Amino acid sequence: MVKIYAGMKLLVVMCLMFSLIGINSAAAEDDISGHGLEKEMRAIIDLGIMKGYGDGVFNPQANVTRSQFATLLTRALNLEPDVTITFSDMPDDQGLAEGIQGAAAAGIVTGYDNDSFKPYDKISRVHMSVMLKRALDYLQIESKRATLRYVDNSQIARQYEEHVSVVTFYEIMGGRTIDNKTYFAPKEFSTRAQAAAVLYRLLNLITDVEDPTPVDPVEPDVGFGIASYQNGELFIEKEYSSYETALQAWQNSSGKLLTYGDSIIKMNTGIALTVPTKAGSLTNVYNESMSSAWTYVVNDTELRYLDSDDTKVKVQVGNKVGYVKHENVKLFPFSALKDRSSYSVNSSGELVHKVYQNSRDAAASYVVGPAPSELQQGQVYFSWDGSTFFNAAGSQVAEGFQYFQHLPARSETSYTADEINQYILNELVALEQRNPNSTLYKDASKRSKLIGIGSHLKKVEAEKGVNALMILALAQHESAYGLSDRAQTYNNLFGLRVYDDNPANDYFKTVAENVDELLNEFWNKNYIPPTGIHANGAAFGHKGYGFNVKYASDPYWGSKAAGHMYRIDKALGGRDLQNAVQIGITTTDGLNVRKAPDLTETSKLFTYPKTNMPVILKGEVSGASDIPWIKITSDLGIKQEAYVSGHYIRTLPIVK
């Protein structure tokens with residue numbers, strides 16, 4: 001018996017049931033009227049899965065690329081893009097990129113051994129059969145096989161025979177009969193008409209399922225309610241038949257909770273705690289229309305609850321507002337929390353971040369950097385972005401930005417290669433001494449992949465324009481000081497291409513090669529340049545801006561990496577923080593950065609599409625207008641200078 005994957009959206013299945021079977025679209029004057037696959041194309045167009053080019057042009061004979069077909073499958077099956085999945089040649093087009101990410105998250109596409117996807121290659125019929133068979137696997141449809149009787153069976157590679165056999169059995173794909181002989185033509189490229197046809201057949205197969213497993217059912221005995229916490233338990237005071245009536249009752253209440261079943265869906269204040277789902281461990285954070293995810297966080301992350309309705313939850317992530325699905329979070333008022341993540345000040349006047357794990361009732365702490373002077377030892381503080389601090393009553397008591405968390409990568413450390421190498425050895429010896437019974441740190445000063453890396457770090461700092469200490473800090477954080485299994489076995493210090501739900505084992509011949517890969521294929525390609533696909537500010541940052549937005553699912557990854565950088569600097573004498581450059585942050589979208597302090601078109605160097613871009617400030621300069629021009633370090637290179645309008649720059653209050 002065929003089963004429907006329980007994670008599919010109810011809306012999709014309903015659309016298929018009522019719109020796909022026996023569809024009769026009115027044929028206008030276009031280029032598909034009279035085509036042999038007209039019915040299939042019109043059905044897929046009406047479902048919004050495929051579109052034309054306007055003026056009646058569908059171009060049915062045009063070939064389909066790999067990224068286009070992956071995107072069509074993502075639309076057809078309503079797949080959720082996993083923004084953590086990337087390939088080395090991801091298309092710049094966001095729709096195609098998310099289409100690939102949706103299909104990849106469902107296991108329908110995987111890419112090639114060299115981490116490429118080849119998105120613009122035309123898709124062959126045999127590769128189309130591979131994606132379709134994997135789609136059937138995703139839908140939990142049994143892999144029944146047909147005996148292949150194509151004349152050109154020998155041209156079907158052995159590893160693809162099963163895929164062709166399964167799609168042949170379900171009549172999703174078939175052959176072409178010429179002179180009473182049927183050919184599969186595995187190497188031929190597929191057309192738009194053929195793509196529409198196979199999608200039509202795939203979706204019809206779903207609607208022909210006998211006794212399907214219910215998809216996202218609404219349980220009849222579960223309703224909306226008004227509730228309160230009593231003795232640590234959620235108590236439902238009254239139930240309602242609809243969200244609208246329950247919402248009105250909640251609005252007229254004081255301090256109550258609006259629930260659905262045993263889950264809170266609306267409250268006044270509290271946290272939205274991310275939870276894993278069947279689809280994966282990550283929670284995507286979307287724009288208000290829920291059409292595009294701009295970041296993601298790991299499960300058990302505390303997000304600031306701002307508001308919600310019956311479809312989504314409005315939250316603060318870092319310093320930015322976003323939206324998450326109800327299924328990805330569990331809401332808690334502050335009064336219901338046993339504990340939560342917080343900040344305190346240690347005896348050295350340093351800021352300590354305690355990260356609480358609600359699911360395990362456990363916590364771990366690390367030193368971030370110097371504490372703002374307003375924070376007092378012995379007190380507990382809270383912050384959503386690591387820069388603005390509140391007391392237990394919810395009142396703001398301080399604002400202070402950590403230097404190394406906001407320092408742009410286009411900077412230089414004052415330390416030499418020899419000083420860096422000596423620090424590494426000293427730290428490894430200290431790790432051995434502090435952990436005498438640890439297998440991980442045994443012989444650390446002899447085994448670590450960080451030993452002797454200083455020379456190469458200073459080399460790439462000069463040639464590639466990225467702070468050497470920043471690279472070292474990330475290596476320490478990601479590779480347990482060069483001692484992790486991945487570092488020891490694969491020379492991978494940075495977790496490159498290692499994803500939460502799909503760990504990879506990229507091997508590098510040397511550590512230097514791994515460092516070069518980080519800079520050439522990640523930071524200097526996708527993260528630092530303003531036009532990079534993951535450009536959100538060239539600093540470690542947090543989930544609101546900086547590398548952390550797209551580099552790691554841990555919402556505190558930027559803070560933790562910066563903490564390593566702070567402790568390296570402290571161990572070496574603190575010169576970098578003592579001689580800190582001035583850091584500013586942009587305050588508007590679409591800010592033009594110029595080669596000279598004037599408004600001519602020829603002076604334009606590049607544009608920051610987004611706001612909140614950290615920049616190194618080098619002082620005000622006079623220009624060709626009354627604008628207070630500020631000289632900055634260009635993200636295009638460590639030795640390059642640029643100019644921006646001071647009207648759109650905020651100088652950050654750095655804690656020292």
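**The sheet and its surroundings**

A: Three strands form an open sheet in the order S14-S15-S16, with antiparallel pairing (strands are DSSP runs of E with at least two residues, helices runs of H or I with at least four, both numbered from the N terminus; two strands pair if DSSP finds at least two bridges between them). S14 (342–345) and S16 (362–370) stand at the edges with a single partner strand each, so one side of each has no neighbour in the sheet. On average, neighbouring strands of this sheet are turned by 25° against each other, direction ignored. The model is predicted: local features need pLDDT of at least 70 and side-chain atom pairs pLDDT 80 or more, whereas totals for chains, interfaces and linings use all residues. Residues are numbered from 1 along each chain as its sequence is written, and side-chain values use heavy atoms, without hydrogens and water.

S14 and S15 (residues 350–357) run antiparallel and are joined by four bridges. Val345 has Leu351 of S15 as its bridge partner. Helix H17 (residues 557–571) packs on the sheet and touches S15 and S16, contact meaning heavy atoms within 4.5 Å. The direction of H17 makes about 50° with that of S16 (axes are lines fitted to C-alpha atoms, for helices over the stretch in contact; angles run from 0 to 180 degrees between N-to-C directions).

Elsewhere, H5 and H6 pack with their axes 8 Å apart, at an angle of about 70°. They are therefore roughly perpendicular to each other (65 to 115 degrees). Their crossing is left-handed (the near helix is turned anticlockwise from the far one by less than a right angle). On the H5 side, Val126, Ser129, Val130, Leu132, Lys133 and Leu136 meet Glu162, His163, Val164, Val166 and Val167 of H6. The residues of this contact comprise seven nonpolar, two polar and two charged (Ala, Val, Leu, Ile, Met, Phe, Trp, Tyr, Cys and Pro count as nonpolar, Asp, Glu, Lys and Arg as charged, the others, Gly among them, as polar).

The loop between H5 (125–138) and H6 (161–169) holds Gln140, which has a positive phi of about 60° although it is not a glycine. Gln140 counts as partly exposed at 40% relative accessibility (buried is under 20%, exposed over 50%, partly exposed in between, with a 1.4 Å probe and protein chains only). Asn231, in the loop between S3 (224–230) and S4 (233–240), is likewise not a glycine and has a positive phi of about 55°. At 83% relative accessibility, Asn231 counts as exposed.

Conventions. Parallel < 35°, antiparallel > 145°, perpendicular 65-115°, else oblique.
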